[in-house]
Amino acid sequence: IFGYSFKKAVFDKKIGAIKDFRSKLIENIMKIIAEGMKKGSYAISQSVIAISNYLASIKKIESYSREVFEDISSEINIMMILLIPLFSGIITGISGVITQIMNSLREYVGSLLQTQQNIPALGFSLPIDFKATLPPEIFTLIFGIYMVEMIVISGFFLSILEGGKDKLKKYEIITRGLSIGLILYLISSLSIYGLISLILPF
């Protein structure tokens with residue numbers, strides 16, 4: 001093939017035909033065919049027949065496994081794409097609102113105490129340290145990292161149920177989960193924050 005041996009044309013890291021494919025199954029099949037070519041056309045034909053039977057058996061087992069694990073896969077998929085981002089976004093939005101309320105309360109109480117002559121300073125008169133509240137950006141970062149970790153873990157287990165050790169399938173599921181999850185996380189957190197802010201202006 002273009003002056004290259006079959007093995008180099010397929011497996012070479014720069015020009016190999018499967019260098020852009022991360023499927024372990026395709027790589028193993030090509031290795032079997034490459035080894036069969038060293039032994040002649042009969043060995044290749046037998047190898048191809050064995051591979052065909054093997055793939056047919058795998059397809060039957062995969063179909064049966066999908067039926068068995070269909071409910072579990074659906075639950076993990078819903079949790080990864082919908083529940084985890086939604087709950088993380090709701091908690092982030094509520095946390096942002098609580099932080100804003102605490103800041104407004106601190107300013108209100110501070111201005112109220114300044115009008116009183118016989119009341120000591122805010123830091124000594126109240127048991128609550130309003131300055132210790134975390135800014136909304138920190139809450140967003142914390143729950144964002146938590147959400148990403150949970151989606152990656154869920155996607156890893158889902159890829160095992162649906163594709164075994166296929167790395168391409170794993171990357172596809174995790175990438176899809178992160179893309180949808182991040183969008184839903186931002187929409188839910190901003191929506192909750194905006195909705196509560198309209199109901200309780202501060």
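Trainee: In which helix is L161 found, and does L161 count as buried or partly exposed?
Mentor: This is a predicted model. L161 is found in helix α6, residues 136–163. Its relative accessibility is 26%, and buried would require under 20%. L161 in α6 therefore counts as partly exposed.

Trainee: With which residues is L161 in contact, leaving aside its neighbours within four places in sequence?
Mentor: Contact here means heavy atoms within 4.5 Å. Under that condition the residues in contact with L161 are F69, I72, S73 and I76.

Trainee: What separates the C-alpha atoms of L161 and R66?
Mentor: L161 and R66 are 95 residues apart along the chain.

Trainee: Does S95 count as buried or exposed, and which residues does S95 touch?
Mentor: S95 has its place in helix α4, residues 70–114. Because its relative accessibility is 12%, S95 counts as buried. Not counting residues up to four places away in sequence, S95 touches F139 and F143.

Trainee: Which residues make the nonpolar surface patch of about 430 Å²?
Mentor: One of them is L82, which also lies in helix α4. At 40% relative accessibility L82 counts as partly exposed, and patch residues need over 30%. The patch is made by I78, M79, L82, L83 and F87.

Trainee: How many aromatic pairs does the count come to, and what is the geometry of F156 and F157?
Mentor: The count comes to one aromatic pair. F156 and F157 form an aromatic pair with 5.8 Å centre to centre and 70 degrees between the planes. Planes over 60 degrees apart count as edge-to-face, so the geometry of F156 and F157 is edge-to-face.

Trainee: Do F156 and F157 count as exposed or partly exposed?
Mentor: F156 has a relative accessibility of 37%, and F157 has a relative accessible area of 47%. Exposed would need over 50%, so F156 and F157 are partly exposed.

Trainee: Against which helix do the buried residues of α3 pack?
Mentor: Helix α3 covers residues 41–68 and reaches 40 Å from its first C-alpha to its last, close to the expected 40 Å. Its buried residues are A43, S47 and I51. They pack against α2.

Trainee: Which residues of α7 are buried?
Mentor: Helix α7 has 33 residues, 167–199, and reaches 47 Å, close to the 48 Å expected at 1.5 Å a residue. Its buried residues are I173, I174, G177, G181, Y185, S188, S189 and S197.

Note on methods:
Residues are numbered from 1 along each chain as its sequence is written. This is a predicted model: local features need pLDDT of at least 70, side-chain atom pairs count only at pLDDT 80 or more; totals for chains, interfaces and linings use all residues. Side-chain values use heavy atoms; hydrogens and water are left out. Helices (H or I, at least four residues) and strands (E, at least two) are DSSP runs, numbered from the N terminus. The expected span of a helix is 1.5 Å times one less than its number of residues. Buried means under 20% relative accessible area, exposed over 50%, partly exposed in between (1.4 Å probe, protein chains only). Patches are made of residues with over 30% relative accessible area and no salt bridge: like charges are joined within 9 Å, nonpolar side chains (Val, Leu, Ile, Met, Phe, Trp, Tyr) within 5 Å. Accessible areas come from the Shrake-Rupley method with a 1.4 Å probe; for residues, only the protein chains shown count as cover. A salt bridge is a side-chain nitrogen of Lys or Arg within 4 Å of a carboxyl oxygen of Asp or Glu. Rings of Phe, Tyr and Trp (its six-membered ring) pair if their centres lie within 6.5 Å; planes under 30 degrees apart count as stacked, over 60 as edge-to-face and the rest as tilted.
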